[in-house]
Number of protein chains: 2
Amino acid sequence: MNISLEVFGDRWSLLIVRDLMVRGFRSFQDFMDSGEGIATNILAHRLRRLQRADIVEAERDASDGRRVNYRLTKKGIDLAAVMLELLIWGAQHEDTGAPQSLVAEMARNREAVLAETQRRWRERDPRPMLPWLGGPRGAASGSGKGVAGDSTNGRKPEAGRSKR
Amino acid sequence: MNISLEVFGDRWSLLIVRDLMVRGFRSFQDFMDSGEGIATNILAHRLRRLQRADIVEAERDASDGRRVNYRLTKKGIDLAAVMLELLIWGAQHEDTGAPQSLVAEMARNREAVLAETQRRWRERDPRPMLPWLGGPRGAASGSGKGVAGDSTNGRKPEAGRSKR
DNA sequence: GATAATCACTTGCAAAACGCAAGCGATATT
DNA sequence: AATATCGCTTGCGTTTTGCAAGTGATTATC
């Protein structure tokens, strides 16, 4: 676990993983526009470190050569369980903006939430999981209520990021 | 979760919580002797911050006025689920010193592990949970194999820290 | 009962990490 | 051809970290 903390032991790394995992972020720009206020040099550095740790991988966008798409690896998506517990803890003990009822439902339904998270990852479904966090600018947020009871099978990979 | 990261977003805080939770640490000295290499000023600062966040509480030792005993609060012990998932993730993906078989068993047995963790906290049972991590200097490590099937009811709170 | 240890810190200082603003090269749009 | 966007890098000042030494209070030892 000491080793884990050499990767996560800073203010941004876990947040980056979370945004990739549940907010549907993919590009450098997504992070810059998210309002979280990470600086470009720090973001670049963290992304590189996460790549070295085999938690994130990068690939140039096929249809736009400027853009780089970041994505979690298997190792990265396996952090979902940690994320979920941290989210639940935060909702119980800190004053986050998370709707109580939804988090409670997620806590009751861990397995389903994790399964859905991994499904979206496997199928490259870019829709954000946690509506109240907001997805990348110009993306239609998930299916309204979001996860945990989400069987609205929109199923289309091109969920609508605006201009590119 | 952003808020959580204002408390955990550094290299040491989570480690401190873990040591209080699973290694049976209580005193400033326990941390200094643990070989993890945290500096005194940083440790003091982190402990104060964790106290302010109501994750840790401190109280002067009744029988030795120099000593301060640190202990997790309820909010602190509720981090056990996060810890456990992080431990499991680390064991699966990083090269920790954790015995694979034991971690696998913990993963299969999450509820029991969490229950036992909270039991030890409630009953102030100071025995460390994770033998391979080692408890505070001079403490008899947990009951051999440790948790997850640990029904050896030694049950005595004074498990034997050496000189004091 | 004076002396030495131990404990939980604090202080000073140097090194590293961080954050901001500006700039840069490559690609894409107009 | 000119301009905009994207993913960075560079410089520089501020903050955080780490190391070593020291301090005051309490306890153990001679």
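By class, the surface near DNA strand D is made of six nonpolar, eight polar and six charged residues. Here, Ala, Val, Leu, Ile, Met, Phe, Trp, Tyr, Cys and Pro count as nonpolar, Asp, Glu, Lys and Arg as charged, and the others, Gly among them, as polar. A residue is near a strand if its C-beta atom, placed from the backbone, lies within 6 Å of it. Before going on, keep in mind that this is a predicted model, in which local features need pLDDT of at least 70, side-chain atom pairs count only at pLDDT 80 or more, and totals for chains, interfaces and linings use all residues. As for the labels, residues are numbered from 1 along each chain as its sequence is written, while chains are lettered from A and ligands numbered from 1 in the order in which they are written.

So who sits by strand D? Of the 20 residues around DNA strand D, the ones that come nearest are Ser27(A), Phe28(A), Gln29(A), Ala44(A) and Gly65(B). Three helices each supply at least two residues of this surface: α3 (28-33) and α4 of chain A, and α4 of chain B.

Next, look at where the two protein chains touch. Here 25 residues of chain B are in contact with 25 residues of chain A; two residues are in contact if their C-beta atoms, placed from the backbone, lie within 7 Å. On the chain B side, α1 (2-8), α2 (13-22) and α6 (80-93) each supply at least two residues. The largest share of that side, nine residues, comes from α6(B). By class, the side of chain B that touches chain A has eleven nonpolar, seven polar and seven charged residues.

Stay with chain B a moment and find α2(B). Ten of the ten residues of α2(B) are buried, so this helix is largely enclosed by the rest of the structure. A residue is buried if 20 or more other C-beta atoms lie within 10 Å of its own, exposed if 12 or fewer, and partly exposed in between, with C-beta atoms placed from the backbone. Among the buried residues of α2(B) are Leu14(B), Ile16(B), Arg18(B) and Asp19(B). After α2(B) comes Gly24(B), with a positive phi near 75°.

Time to follow chain A as a whole. Chain A has eight helices and two strands, and along the sequence they follow the pattern α-α-α-α-β-β-α-α-α-α. Of its 164 residues, 37% are buried.

Zoom in on α6 (residues 80-93) of chain A. Its axis and that of α7 (residues 100-108) of chain A come within 10 Å and cross at roughly 140°. Axes are lines fitted to C-alpha atoms, for helices over the stretch in contact, and angles run from 0 to 180 degrees between N-to-C directions. Angles under 35 degrees count as roughly parallel, over 145 as roughly antiparallel, 65 to 115 as roughly perpendicular and the rest as oblique. α6(A) and α7(A) are therefore oblique to each other. Leu84(A), Leu87(A), Ile88(A) and Ala91(A) in α6(A) meet Gln100(A), Val103(A), Met106(A) and Ala107(A) in α7(A). That contact has seven nonpolar, one polar and no charged residues.

α6(A) also packs against α8 (residues 110-122) of chain A, at an angle of about 130° with the axes 10 Å apart. That makes α6(A) oblique to α8(A).

Last stop: Gly90(A), in helix α6 of chain A. Is Gly90(A) buried or exposed? Gly90(A) is buried, with 20 other C-beta atoms within 10 Å. Not counting residues up to four places away in sequence, Gly90(A) touches Thr96(A), Met1(B), Ile3(B) and Ser4(B).

How values were computed:
Helices (H or I, at least four residues) and strands (E, at least two) are DSSP runs, numbered from the N terminus.
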